[in-house]
Amino acid sequence: MKVAMADDSTLFRGGLRLLLSQVGVEVCLEASNGEELLEGIEQARPEVAILDIRMPPTFTREGLQTAARIRELDPGIGVLILSTYAETTYAAELFANGSAGRGYMLKDRVDDVGTLRDALVRLAAGESLVDATLVDSLIGHSRRQDALAALTVRERQVLRQMAEGRSNAGVAAVLNLSHKTVENYAASIFGKLDIPAGSDDNRRVLAVLSWLRAGTVSS
Amino acid sequence: MSEFGWANRVNTVRTTSIAPTSQRPPTPASASRQWSRTLAVTAVLTASGALIFGPLWQVSPDVAAGSILFTAMFSGAGVILWDEPGHRRTAVLLVLAGQFWALGWSEEWAIGPLPFISGPASYLALSLAAWAMFRYPDPALLSRLERVFVRILAGVAVGGILAETLTARPQWRGYQPDTWWITLIADREFNVAIGTVLRPLQVLVIGGFLLLWVLRIRRMRGLDRELLAPMALASPVIAVAVGAVPVAKLLGLTGQTMDRVYALQPAALAVIPLAFLISVVRRRLADNAVLTLIQQVQRRPTPEAVQTALRTALRDATLRVRYWAPELNAHVDVTGAPAGPPAEDEDRLVMPVTEPTGEPLAVIDADPGLRRHPLVLSNALAASGLALENAQLQAAVLGRLSQVRAVRMQAVQAGVAERRRVERDLHDGAQQRLLALRLVLAASDRPQLSEAARERLRQMNQEIALALNELRDLARGIHPAVLSQAGLSAAIDAVADQQPIEVEASLPTGRFPAATEETAYYLICAALKTAEAPGASRVIIRGHERDGVLTIEVEQDSRRPAGSRLESELPGMLDRVRALGGDIMFSTLSRGGSLMVAAIPCG
């Protein structure tokens, strides 16, 4: 597997390259900022680009801007945004134009090489991904605890997996359920929570995240 | 303090000094003496006119009555204008117009050169009246076109009649053949031809006169316009009255009808002195208005009130009073903000006002048109002296205050910038290093290592993770990164996500200056914290920006405990908002709950 990475810290890139090499992931392109990454990306042809959200020149949200540019260049390249902030605003922005192959992960968690590799594989396969920590925080703080309480334990597990960006097949694999069963759970959850049943996986993450965030489902 | 630096250049601005004169209002005794003199001189001049008419009184009493009205009015207006400063020559023109008009009817004496000069005298009278009208209120106001026109008018009027007279024999005019006369060319046909050419020319000049007055009144502003309005209004009447004679002659009117025209013409032309009189009265009322206004302002002489009074009194909305603030060594405007002199290329009347001791008080700059009304100006300045002194003290304090505010605002802004920098340094420096270290440690954790070594690596990783969390909390406390990165709306959304109570936030998504955003952010955070305490279940946050002020409203459905103080509820927030020139207000809602409204200026 080939990935590209952009982060302004040489130390961080070195550590990440070392870690990835242990699980058989090759870093085919390294850049210290978004522009540099975009210059080399067409030639390097990575499956996934790992982007720090804060990069030079302004250290604000260059990662998200670079992600949008990568979508224009080649929608097939997955993007993993690394952020030190558990802010759902950024995740929502990342998924605003479709969540296929888009992932938002906390930088703290990249040392868990198993999770990191799993994330890269999912993104390369066009799935989406939201850091489990962020989903935990969203579910924990959601002001719709009453509605959430109406879900069964199994349904809550499925909801969590959907919020993390997994497709029905992904949820089925993680929870060891049949594909058909997951579909039934999903329909039941959408009915109970009054989320418009978008079967389109590409939009589902954003719908679930929005529901958890504001209580109102964005259309 | 470079923004006050211009103060050193103030002396280089072209200034017109108009010293406040200590002109006393006329006492009743001197006023009545003045009126007696005016009446006496007018009566003498009118009597002189009446004498000049002589036999006209018997031949044509109507014409004589009309003309004596003309002479009386012109004489009266002239005498009254004589007392107005700067109008003596115009006054003389009016008096002369009255006398020459009388001379115009002296032909009835039929002696000496009187029949010969009576024609040109009438036209000279009209030309002098027109010249007086254009000279008022200041000959400097004459445009080039008007100067040229007045010459053309005199040329056509006086020159034309002279040409007609000098090419005629007295008997052609109905006088005795032995009447005193100068004839250069005695050719009847030529003489008639001159008349034929002259009448349409006269009508043209009258049209031009009317047009010029329309242009003139449109050009004028302020007091000038007010003073000239009566004349502009009179000009159509004048045009009709003057035009009546050549038109009547063109139509071939004679006898009784023509006499009626001759009688009505001077009576109608009396609108000219009437217009002068109205203007004089207006000018004197303007003086009184100045005094009244300034007296009113004495009661509450705020810097703004004094400026407003002067603007109203002098009819100049552009007038500015810049008060001297000695502590700042600079001039300030009515709000206390530093105010520089008018631009070098701007034509302004600049008047420094000083205290009797010579200390600078203020500098007034006004429309240059006011130069023509030095009396109104000096009255206004003299009358506003005490009010100006009081206002200057207030303005100086305001100026000091606004400087302190500016410094305080700069301090807040510098604080925000510094906290953002520290947060960024923590994030991009220490945090990144620790994160990278964790990766290296994780990569070093190989199965080949001894279990004890791997355990130590994991422990180190744990410790670094804890340090990172502490560092992140610290950075977030110093400055929330999402605020500077995504703006107020996104930052408050993130805060609202974490609240145990329902929070509905609708804030403008645009960006504001860093200090405004940060102040609004911490204010809302503080307000949310206070909402928890009295057990609110719902908080509504609204915001909108208008005219450079961001207004934040936080409404909650629980009442604030009675007697709670703003400062204890939102520690430090009131100071911060005020440091930016804003304010916070609390109110209890009748439908239950409470509302906090904060206005935070944007920059």
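In this predicted model, B:Glu553 is classed as buried because its relative accessibility is 18%, and the limit for that class is under 20%. B:Glu553 forms a salt bridge with B:Arg542, with the closest N and O atoms 3.1 Å apart. The two residues belong to distant parts of the chain: B:Arg542 lies in strand E6 (residues 538-546) of chain B and B:Glu553 in strand E7 (residues 549-556) of chain B, eleven residues apart. B:Arg542 has a relative accessible area of 31% and is therefore partly exposed.

Over all chains, the count of salt bridges comes to 43. One of these joins the side chains of B:Glu164 and B:Arg199, at 2.8 Å from N to O. B:Glu164 is in helix H6 of chain B and B:Arg199 in helix H7 of chain B, so this pair ties together parts that are 35 residues apart in sequence. Both B:Glu164 and B:Arg199 are buried.

A salt bridge is also present between the side chains of B:Glu451 and B:Arg458, at 3.8 Å from N to O. B:Arg458 is partly exposed, as its relative accessible area is 35%. B:Glu451 and B:Arg458 are linked with B:Asp445, B:Arg454 and B:Glu455 in a network of salt bridges.

The surface of chain B also carries a nonpolar patch of about 500 Å², made by B:Trp180, B:Ile182, B:Leu184, B:Ile185 and B:Phe190. Within this patch, B:Ile182 is placed in the loop between helix H6 (144-166) and helix H7 (188-219) of chain B. B:Ile182 counts as partly exposed because its relative accessibility is 37%.

Note on methods: Residues numbered from 1 in each chain as written. Chains lettered and ligands numbered in written order. Predicted model: local features only at pLDDT ≥ 70, side-chain atom pairs only at ≥ 80, totals over all residues. Heavy atoms only, no water. Patch = residues over 30% accessible without salt bridge, like charges linked within 9 Å, V, L, I, M, F, W, Y side chains within 5 Å. Areas by Shrake-Rupley, 256 points an atom, 1.4 Å probe, with all protein chains shown as cover. Salt bridge = Lys/Arg side-chain N within 4 Å of Asp/Glu carboxyl O. Helix = DSSP H or I, 4+ residues; strand = E, 2+ residues; numbered from the N terminus. Buried < 20%, exposed > 50% of the residue type's maximum accessible area, 1.4 Å probe, protein only.
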